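Colleague: I want to learn how to read helix packing from a model. Can you take me through a case?

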Amino acid sequence: MTPDELLPLVYDELRKLAAHKMAHEAPGQTLQPTALVHEAWLRLVGDTRAQWNSRRHFFAAAAEAMRRILVENAR
């Protein structure tokens with residue numbers, strides 16, 4: 001499955017995951033959940049070595065990408 005085929009299937013869940021992550025951030029965070037999803041998506045599909053064994057593995061990788069983005073943004 002290509003990234004273009006995958007995104008519509010997972011976008012809503014990625015958006016919910018991003019909103020959940022953002023809810024635990026300090027007030028004043030300038031990054032929006034949609035931007036977090038888009039940045040995480042670019043990192044996930046930009047890594048041509050990425051192989052996901054399951055849906056759970058994919059969402060764990062997405063959650064980790066979002067966490068790293070939030071940490072980088074906080075710095």
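Modeller: Start with the outside of α3. This is a predicted model. On the face of α3 turned away from its buried side sit the exposed residues R56 and A74.

Colleague: Which residues of α3 are buried?

Modeller: Buried means under 20% relative accessible area. In α3 that holds for F58, F59, A62, A63, A65, M66, I69 and L70. Look down the axis of α3: these buried residues fall within an arc of 160°, so they line one face of the helix.

Colleague: What do the buried residues of α3 pack against?

Modeller: They pack against α1 and α2.

Colleague: At what angle do α1 and α3 pack?

Modeller: The angle is about 45°, and their axes are 10 Å apart. Angles of 65 to 115 degrees count as roughly perpendicular, and those under 35 as roughly parallel. α1 and α3 are therefore oblique to each other. The crossing of α1 past α3 is right-handed. On the α1 side, the contact residues include L6, V10, L14 and L17. On the α3 side, F58, F59, A62 and M66 are among them.

Colleague: Now α2. How far apart are its end C-alpha atoms?

Modeller: They are 20 Å apart. Helix α2 has 14 residues (33-46), which should span 20 Å at 1.5 Å a residue, so the two agree.

Colleague: Which residues of α2 are buried, and what covers them?

Modeller: P33, L36, V37, A40, W41 and L44 are buried. Seen down the axis of α2, they fall within an arc of 130°, so they line one face. Their cover includes α1 (3-23) and α3 (55-74). The face of α2 turned away from its buried side carries L42 and G46, both exposed.

Key:
Residues numbered from 1 in each chain as written. Predicted model: local features only at pLDDT ≥ 70, side-chain atom pairs only at ≥ 80, totals over all residues. Heavy atoms only, no water. Helix = DSSP H or I, 4+ residues; strand = E, 2+ residues; numbered from the N terminus. Expected span 1.5 Å × (residues − 1). Buried < 20%, exposed > 50% of the residue type's maximum accessible area, 1.4 Å probe, protein only. Arc of directions from axis to C-beta. Contact = heavy atoms within 4.5 Å. Axes fitted to C-alpha atoms, helices over the stretch in contact; angles between N-to-C directions. Parallel < 35°, antiparallel > 145°, perpendicular 65-115°, else oblique. Left-handed = near helix turned anticlockwise from the far one by under 90°.
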